[in-house]
Amino acid sequence: MLQPAQDFDAIIVGAGHNGLVAGCYLSRSGLKVLILERQPYIGGAAVSRRLYQDFTYSNCSYVCSLLRPEIMRTLELPKYGLQIIPYEGGCTMMRDGGHLALYDNHDALRREIARHSKRDAEAYDRYSRDVMRQCKFIKPLLMREPPDPTSFKPRDIQELLYLGRRFHSMGEARMYDTLRFWTMSAADFLDEYFESEIVKAHFAGSSIIGTALGPRSPGSAYVLLHHYMGDIDDTVGAWGFARGGMGAVSNALGASFMASGGTIRSAAPVAQIRVKNGRACGVVLEGGEEVRARLVISNLDVRRTFLKTMDAKDLPDDFLRQVRNFKIRGSSGKLNIALDGLPRFPSIPEGSPTTRGDMHVTDTIEMMERAYDDWKDGRWSRAPYIDMLIPSQIDPTMAPDGKHYMSVFVQYCPYQLADGEWTQAKRQAFGDTVINTIAQHSPNFKELILHAEIRTPWDIENEVGLTEGNIFQGELTMDQLLFNRPVPGFAQYRGPVKGMYMCGSSTHPGGGVMGAPGANAARAVLRDLKLAH
Amino acid sequence: MMESSSSHFKQPLLKTPFHRRARELSQVDSFIPWAGYTTVDVFTTAEQEYFAIRNAATLYDLTPMIKYRVIGRDAVAFLNRLVTRDVAKLKPNRVAYCVWCNDAGHLIDDGTLFRLGDSEYRICTAQRQIDWLLDSALGFEVQISEVTEQLAALAVQGPTSCAVLKAAGLRGVERLKPFETSDFTLDGAGAAGGQRLTVSRTGFTGDLGYELWMEPGAAESIWDILMLAGRSRGIRAIGSQALNIARIEAGFLSPNFDFVSAEHTIRIGTDRSPLELGLGWLVDFNKGHFTGRRALLDERQRGPQRQLVGLDVAGNKPAHNALLYKDHGGKREIGHVSSAVWSPTCKRNIGLAMVDAPHFKIGSTVWAEIYLSRELVWERRMSHAQVVERPFFAPERRRATPPAEF
Amino acid sequence: MQGPSPAPSRYDCVVIGAGHNGLVCAATLARGGRSVLLLEAAAQVGGAALTREFVPGFRVSAGAHLLHLMPAELIRDLKLENHGLEWAAQRMTTTALLGDSAPLALSPGAADHPGLSAADAAAYAAYTARMRRFAAALAPIFSKVPPRLGSTAWSDRMALLRMGWQIRKLGRRDMRELLRIGGMNVYDLLEENFESAALKGALGFDAVLGANFGPRSPGTVLTLLYRLAAESSAGASGLSQPKRGMGALCDALAKAAVAAGAVIRTQAPVANILVEADRACGVALESGERILAENVISSADPKTTFLKLLGTAHLDAGFVRRVDHIRSRGLAAKLHIALNRAPPFRAVSEAALRGRLLLAPSLQYIEHAYNHAKYGEFSASPVMEITVPSVNDPTLAPPGQHVLSAIVQYVPYALKEGWESARPRFLDAALDALERVAPGLRGCIVGIEVSTPVDLQREFRISGGHWHHGDLAFDQILMVRPVPGAAQYRSPVEGLFLCGAGCHPGGGVMGVAGRNAAQQVLKGGWFS
């Protein structure tokens, strides 16, 4: 396989989860693969870090929900130490002391929703059914290469026909439902099912996480299906904590990769992807060292890949213009908090398992939309939407005995503030906004705080390398999905230079710790090399 | 009013007003969830309980059946637009078995419709669906409310059931005709003396039987009176397993066995129309518009693609979930069995099956693929099966008014 | 208005509502040889396309004040110019009012403003040319009945293929760009292309006018392309102003309809649609009179047609659920001001005053105004489209005096505090905003009238007071407009058709829905 002048068959730039997934597949197909990572640790945004005493923070991504089961199986991640502990519930807390809890047991859930609206409790079944129908439609598309609708290549036409047939097989009524589902706003969609504000707000939460959209933005409804993706796989515990934090996912991938013969070099930042005679031929590290390979696969987002890690002269102008137009605005902040004990949430009844899942803070969709309005104007939300977890309740490895680690995901927080650069004072003020919001629901919360790491999109960009701190490596809007992701004409994992590929979340089907872009990219590489996959 | 949020996550299932009695009589601690309630699957053995349905009298706790009260000026118009039968023909104090469909003519559910007064009705069904009912009520002056928790319900079924009710003090109950309903006041002294209840001559066993509707507060004392009155007539409490045998013999459909509500299906092609389920006799195309009518007219014109039929299977091994084939070799699949049981009364191996056209005609022969465990050694058997008329068992006594003394 | 021929006792077609779509439909049906009765609840024809006196001596178009979407061939086919349609102005310019600085003038070829960079000027030419190409590719869908999905009929399949082919024909580069921007928001699109806030504001305005969106809402490039495509489909006359206001257009349409043999009855409100044996067979008037017909065609909005006139008993529950879910809350108000002189817009030339004026100085300004509307509030800085129709047409005001007509965007139907108490404050906010670009305007006011969406609902019997009868959005256009199962102008009840703005391709004095519906009726037959 390897030609004499080359050090490796393939170099993957970035040891994020997708880079690792791609590496695993390639290595298992017999290629000699090197993964280069800028940080001294692997994982990108799926990491566990000790930043304060013996606390372990999942300091970026914090939930394991979308990781494709076929990837877990093929790469034998359980064997390499990955253990997923399912959520036991979830809830949304309101400022008036009310709450809505989500329980696994269907009857408990019905009675819980019925506290707010008897009708909504039963409309929930219709809602679940309709979203599940869409999940069933979309699921097989996640692990496929999107066809280019402008192409006449047999493969593209075949794929388009496959999509068309799949769509057609739904029957007329469901086709219309599907058209609407993929283009509606979450708020409008939920209005067609529910009457209770808190029920709508609870479900709308999953439509805005990580996005630069509000719940009333068209195109936000389809994100609601993420909540059901796990169920459709019949995978028990689809939503869960990775034991040991999200770094456990990356570590299992890393172990699987190395077991199949792959090489990882951390603390080895890539300065440039080298192109010779119109072909990618390796990389140059920041120290000047050159590593050669037949193929280079970038796990970085497309903006970083093409605008910072490649030479503009190696790339077509039109392509660069498209890359510059790629929307990648960060919208989320994160607090990682070490707590001296378990905070009390008086609105949650004693003994309820909902605190052992994802807890949210909001009242209404309007409140969430107003939080979004702040972001549009270059401010962090004054009343943010919060998605928080205390994994140490279930996973004792995360914090010392009796103490707890809390992950607080915050929507919305801008990358660029209207009033100038982020400063330490502004970061602290943002953190205070979040802490005060939680403290409204938990009287002893503030006094338990031992340490808090406050991360804005600006910090995420600087530490993890995600451009503008966008956690999905690019917004997941209609214009940046499927054959438009990352840019039209280049949605099939192949870059504009021969021998150069993309495998990050900037590609189809996008972000979340899913692994599908990595797996799909590896498949594209293997197909080009005419190797079995 | 908000339910207190402290209990349902600890104990998601509700208890019926008969629960304490059921606990006392349960010998094998076999409880199952049903529509949000804890109910008995088996008290002693399913066989013992089954034979009581066919030979004596039985009590079955029906409380989890979902009950909706429908009142208002447009109640008839609303119901006629909802269900496929002509509700205008239903007289006061009468009950009708009904089905209702979505726009595509696919079954949402079946149930019984009680006409309690001039414009007061009750829908009694196995699954919650206030969402569909309220959406169906758009444009009608009608109020719909769920009354499941306000009403306890008890099925008294079996050849001696009428005698038991009479002995319990329900004077004149023998005059109640099938699908008729009437209010009674319990005779005599004792805890339940003077207690009011409603009795309908309805049931899910295909045998002589009644269903009793009462306030939850009266449930235990009425249970006690019935058990006392039935002592010499072989009365027993029964669970769902025994009832299931009887309902298959009677050819009745059970949701989530014989069909899945079109309000719940996720996959394509799993919805069922009343025509496919052999319920065409419930569809009145001449009564005016109802939801699904246009789709069902189309379907009638095309002819059904498949139909739910009765099946008489060779041998004595119930054909649970068996796939059906046209040929003994098992090459051409033509359907599947949805409910199956060895009928202890008919001594036949029976089932309900969904069979593709044209094989659903009475008298057609099909082959059922049955897997048998012989002390954990598994065998596959292709059993000959014949499409037959439903019901499998329909004794005359179920209709006789007054019922014969037994 | 009575037709010349004696009214038959039974008609081939009864059309409900003599708005412009009802009139076009009736005229087209009559020209197709059908006997047609057109019923109108009001005392005159026109619906919301009406000219009326709002202050003694001052007349104004009560709803839409510009005509730019009605296809030229429709105007020609119905010989509207022979029936009295005259133009006060055509190819009107657009000028964006910018407060203190000089206004920005827009024409199809060029944007003109002292502050505009050379890059923006160049980008403007490229952008408008590209958008025009896209619009031309999309234009054919307006004149067609939207195809059904999943249908096995060749006509539906061909229609889908034709739509695909139109886009394919653009060539790979344009096709990719169209497929990308089609789902975008207009804010991002304009940010990609331009620097000038004023230019972006003015170009973004057309994407949100009449829509329930802000510039940052995904789908606003679609609404913009939709408008451009409709304009492209209409022909080259651009923004036009009929002489004597929009009512004159409808008078011409009525004359065309009557000339073709249609009978028009005003003050004849329909109480309900008659159904027999699952077929529409006529209408009953509020007076109790019953009129029988083979076909009933309703230009009323879908909610009114299905839920009130037809009645839910004749429809499937799932269909009714969909109709009930149509988003049809109006978001635009109309402001009419009688002035004792020409409005004193700062630095606006006499020529510019003959065109339309936009109060949308930046995308952020528009978005902020929309923010309020999302929460049932109106903005203190409203967005407006302003015309001074009396400059082009002196018949509308006493000599030397003038009429200002403004569409105020983002005025919610369901105002949280209620319109009763809010009306004076709203009027103040609107006048303040005008005063900022036309200092001294307040001093010239002779009289004033405001029509909120609630007023439009009452006056024109449109549920929600929405001039499109339902939001134009991805999930409410083409084959899902107004709802699946009624998107081909046919309702589920045989013999009942829809022909109003609630159908494809929507409102905005286009007349296309009326014409397409009439063609469906003339084609006959029902669903295959």
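## Basis

In this predicted model, local features need pLDDT of at least 70 and side-chain atom pairs count only at pLDDT 80 or more, whereas totals for chains, interfaces and linings use all residues. Residues are numbered from 1 along each chain as its sequence is written, and chains are lettered from A and ligands numbered from 1 in the order of writing.

## Chain A

Chain A contains 17 helices and 18 strands (DSSP runs numbered from the N terminus: H or I of at least four residues, E of at least two). Its radius of gyration is 23 Å, close to the 24 Å of the globule rule for 533 residues, so chain A is as compact as a globular protein of that length (C-alpha atoms; 2.2 Å times the number of residues to the power 0.38).

Of the 533 residues, 58% are buried (20 or more other C-beta atoms within 10 Å of the residue's own, C-beta atoms being placed from the backbone).

## A sheet in chain B

Five strands of chain B form an open sheet in the order 6-7-8-5-9, with antiparallel pairing (at least two DSSP bridges between two strands). Strand 6 (95-101) and strand 9 (143-146) each have a single partner strand, so one side of each is left without a neighbour in the sheet.

Strand 6 is joined to strand 7 (residues 107-117) by seven bridges, and V99(B) stands opposite D110(B) in strand 7.

## Contact between chains C and B

In chain C, 14 residues are in contact with 13 residues of chain B (C-beta atoms, placed from the backbone, within 7 Å). Helix 11 (residues 317-325) of chain C supplies the largest share of the chain C side, six residues.

Terms used:
Buried ≥ 20, exposed ≤ 12 C-beta atoms within 10 Å, placed from the backbone. Contact = placed C-beta atoms within 7 Å.
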